Amino acid sequence: MSDTTLVETLPILAIAPAQLLRGNGILAQLPQYLLRYGHKALVIAGKTANQVTASHFKDTELEIIYADAIADCSDANLAMLRQIVSQAQPHVIIGIGGGKVLDTAKLVAHQSQLPIVTVPTTGATCAAWTALSNVYDADGAFDYDVTLDRCPDLMVVDYDIIATAPKRTLVSGIGDAIAKWYESSVSSGSSEKTMVIAAVQEARILRDILFQKSADAIANPHSQTWREVVDATVCLAGAIGGIGGANCRTVAAHAIHNALTHLHQTHGTLHGEKVAYGILVQLRLEEFQGNQLATSSRHQLLKFYQEIGLPTCLADLGLSQVTLAELEQIAEIACQPNSDIHRLPFSVSPSQVLAAMVSTTSPILVTN
C-alpha cells in the first residue's frame, strides 16, 4: 500500500464574523473592542453614517482617521483608500454605513491584510456579515465581485443606529433576504451535501420569518419584532450565504439586479428592491418551464410585496418609459456567460428573460 495519502481539498467556507455584538446603544462599546487590534483606526463611511456615529469615537485613547465619505464601491475609491492606508498605517479598518460602503471597507482591508470591523447603519443588506464585495464601475453599473478570505473580525449591530435609517431601507433588506430561499432552493434544493442542505433549510426558515413578521416590524420600528426582522436581513441572510457557498448564494434574482444597474434610471432604487423584482423574473422563467409551483409562489410574493411596499413591475423601478432596446440590452447582460443566471437548472435565453421582465404581474391562467 502506498504511503502517499490523497487529500481532497474542499472550498473554504467563510461562514460568519469572528464576533458579533448586538444591542441598543452597543456602538458606544466599540472603542474598547478596537484596542485589541492596536491604537490607530481608519474609518470608512458614508456621509450620513459619519454624522450619525462620529460621537461614539470621542473621548477615546484611539487615534481615529476619517477617510472622505464615499457612496460607491468602485475601483477609484478602492485606490484612494489604499493610498490612505499606505500613508496612515492604521491597525484596523472600520466600515460604517450601507452595503456599498461596507463592501468597500471589507475589500480595502482584504487588500491591505488588516482586521476589518463592520457597522451596518441600515437593515438593507447582509454586507456587514459576508466575505464578499461587489464592485461597481464609474457609472454605477455592477462590474465584478470579489470573494474575500474571511468574514469580518467584528460586526456591531446597534439597533438604535439602524432605527435612524429610512423605513425603505429595511423594506429593501427584506427583498434582498427573502431571495435567499428562491435562489438557493432552485440552485441547490436537490443537493445531498450537508452544509448546502442546511443553508437551503435556513433560507426556508428565513422566508417564513419574513412572511410572518415583516408587516408588523415595518409598522412598529424599535419593537422586538422589528429587531427580529433586522436580525433576519442583516445576520441570518449572511449566514445562509456563508454556509451554502457561492453556488447556493445568488442565481437569477441577483443576475437581474446586476443587469438592471446598467440602466441609469434604476440608480435611484435600492439593491434589495431590484433583487425583489428579480425574484419575480426568476419565477416567471421557472413558469415558462411549466412549473406551477413557481406560479403560486409568484402570486404569494406579489401580495406580500404590495403589503410592505416592494416593487412588482418595471414601472415600480422607475422604468415606465424604458425602451425595448434598453430591455433587450438588460436581457443580454443578464445572460452573459459569467452570469449567476446560469445556476438555474435549465438554460435561459435573452428573449425569455425579456418576456419574464415584462410579465412579472401576469395573472394565473385557469385552464379547463
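This is a short tour of a predicted model, stop by stop.

**Stop 1: the largest core**

Start with the largest nonpolar core, a set of 49 residues. Select Ile-174, Leu-210, Ile-279, Leu-301 and Tyr-305; these touch the most other members. Now colour the elements that give two or more residues to this core: β8 (154–158), α5 (159–162), α6, α7 (194–219), α8 (224–244), α11 (271–288) and α12 (292–308). Which helix gives the largest share? Helix α8 does, with 10 residues. As a general rule, nonpolar side chains in soluble globular proteins tend to be buried together.

**Stop 2: Ile-174 and its surroundings**

Set aside its neighbours within four places in sequence. Ile-174 is then in contact with Leu-210, Ser-214, Ile-218, Val-229, Thr-233, Phe-304 and Ile-308. Another core lies apart from the largest one. It has 29 residues, and Tyr-277, Leu-317, Leu-344 and Ala-356 are among them.

**Stop 3: where α6 meets α10**

Select helix α6, residues 167–188, and helix α10, residues 252–260. Their axes are 9 Å apart, and the helices pack at an angle of about 130°. The two helices are therefore oblique to each other. Which residues make the contact? On α6, pick Asp-176, Ala-179 and Glu-183. On α10, pick Ala-252, Ala-253 and His-254. By type, the residues of this contact are 3 nonpolar, 1 polar and 2 charged.

**Stop 4: one face of α13**

Move to helix α13, residues 324–334. Show the side chains of Leu-327, Ile-330, Ala-331, Ile-333 and Ala-334, which are buried. Look down the helix axis. The buried residues of α13 fall within an arc of 160°, so they line one face of the helix. An α-helix has 3.6 residues a turn, so residues three or four places apart point the same way.

**Stop 5: Tyr-144 on β7**

Finish on strand β7, residues 142–147, and select Tyr-144 within it. Tyr-144 has a relative accessible area of 31%, so the residue counts as partly exposed. Leave out neighbours within four places in sequence again. Tyr-144 is in contact with Asp-75, Ser-133, Asn-134 and Val-135.

How values were computed:
Residues numbered from 1 in each chain as written. Predicted model: local features only at pLDDT ≥ 70, side-chain atom pairs only at ≥ 80, totals over all residues. Heavy atoms only, no water. Axes fitted to C-alpha atoms, helices over the stretch in contact; angles between N-to-C directions. Helix = DSSP H or I, 4+ residues; strand = E, 2+ residues; numbered from the N terminus. Parallel < 35°, antiparallel > 145°, perpendicular 65-115°, else oblique. Contact = heavy atoms within 4.5 Å. Nonpolar A, V, L, I, M, F, W, Y, C, P; charged D, E, K, R; others polar. Core = buried A, V, L, I, M, F, W, Y, C linked by side-chain atoms within 4.5 Å. Buried < 20%, exposed > 50% of the residue type's maximum accessible area, 1.4 Å probe, protein only. Arc of directions from axis to C-beta.
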